[in-house]
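My notes follow in the order in which I checked things.

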Amino acid sequence: MAGFMIAAPRSGSGKTMVTCGILELLKRKQKNPFSYKCGPDYIDGLFHRKVLGIEGGNLDSFFEQPQDIREKYAAVSETHFPVVEGVMGYFDGLGGDTTAASSWEVADILNLPVVLVVDAKGASLSLAALIKGFQVFQGESQSSQANKNGNHIQAVILNRISPMLYPRMKAVIEKETGILVAGYVPELDFWQVGSRHLGLVLPGEIENLQGQIRQLGDCLEKTLDVDKLFSLGESAKPLEPEMVAAGCPGQDREAEENPYPKPHIRLGIAWDEAFCFYYRDNLEFLEKQGAEILRFSPVHDKHLPEDLDGLLLGGGYPELYGKALEENKNMRNEIRRKAEEDMPILAECGGYLYLLKELEDENGTGYEMAGVFSGKGYKKGKNSHFGYITVQTEKDSLYLKAGETIKGHEFHYWESTQDENELKMQAKKPTGKRSWPCVTVKNQVMAGFPHLYYPSLEGFGERFVQACDRYRMKRKRQQ
């Protein structure tokens, strides 16, 4: 299978910048690139989309089974050249002391060649020692491809290095490690991509981002050997045939297990500068269950799309748009009325904050929200909960049944004053014993801070779509 991963020793090494630059170069060379992001991150994928103009995806070995990852990747690589951006440091996984759910594990599951982006600022010969350490470090994977292919690192890109120093560092690193040094990135004064509490700022907030991406491509065209990188990806050893099932994931099983026609429901999805955090896999899963997805903007649109059977309010940065959301009273009132009329609604993180009575911005100024739930959202001042979780409930509750578990993650700096007695589900860390109440339920509305991965519990998404279908039929009877 074609493609490669771009990873790094740690966050902040320049992975996203280099990934965007390489995607731009592959696009210029008409290689039909496609982008993936490792882990549960949303924002980096938005930058990939800005470069390519198409939706990318996530590869996540906590959310997904190895076979699902292989099938999904294989299907895309038939027509595209995939580029996978890693998450955090290459070996960083669950709990900080395991390689489970790390970028390395994804590379190992897919047997992908890895290009390591190393921040060279303030270092010289020590770069060779660091790279050699990554070369020999051993991890434990669900796949065990590492025994055949080392740690998959086959090339290095040096970031923030002087053009004068680069040739000497290239020579010594290749001599000491045997790994190809495929180029460098100098200090770039034009690349102005800032960050905030959830990571990088959103692409739509950056002035002339397209111009910056073109400049980045022009620069890397001179400093990277993109032809060697492309050849590296093209020469990647395919997975053994038995490791990749034929066809699309779950297609045949789905036809066998579900012989009856799917319902057809119209699902409104909040999508604008305030709400834009969605997993492609979740949306595709809902579409396979019969959902027609209709985007709308709680910031700009005065009304919901017509004839909706359900709503999905994803995460994002509503705290940055409190004034605009408050001023759009028509939209707030419509969503509250739909909740009161028992329309099925799923709301995650930013979407949950929007359903509260009030939301404070980062300066403590409060704005009126939809008022489906009591309480207000406020800035806690530090990361409230971070990382992978599982969500479960002791009693049957809407779309989640007692004893079932669905996977997700939390990452938020805002908290809610909603009474914990109103929270009906528990979030649990996959490592350790920490748990906390996390999800509230009212009528047909389920909302909370967790971002859920629907395919990890197929019954969850199926029940939501079925509830939307029942609402549709009830609405038709009343017309």
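I count a charge as sitting over a ring if NZ of Lys or CZ of Arg is within 6 Å of the ring centre and within 35 degrees of the ring normal. The model is a predicted one, in which local features need pLDDT of at least 70 and side-chain atom pairs count only at pLDDT 80 or more, while totals for chains, interfaces and linings use all residues. Residues are numbered from 1 along each chain as its sequence is written, and side-chain values use heavy atoms, with hydrogens and water left out.

I found lysine 407 over the face of phenylalanine 62, at 4.9 Å from the ring centre, and lysine 31 over the face of phenylalanine 230, at 4.2 Å from the ring centre.

Next I looked up ring pairs, taking rings of Phe, Tyr and Trp (its six-membered ring) as paired if their centres lie within 6.5 Å, with planes under 30 degrees apart counted as stacked, over 60 as edge-to-face and the rest as tilted. I noted 26 aromatic pairs by this rule. Tyrosine 352 and phenylalanine 373 make a tilted pair, 6.5 Å centre to centre with 55° between the planes. Both tyrosine 352 and phenylalanine 373 are buried (under 20% relative accessible area, where exposed is over 50% and partly exposed lies in between, with a 1.4 Å probe and protein chains only).

Tyrosine 399 is buried at 2% relative accessible area, and phenylalanine 464 is buried at 1%.
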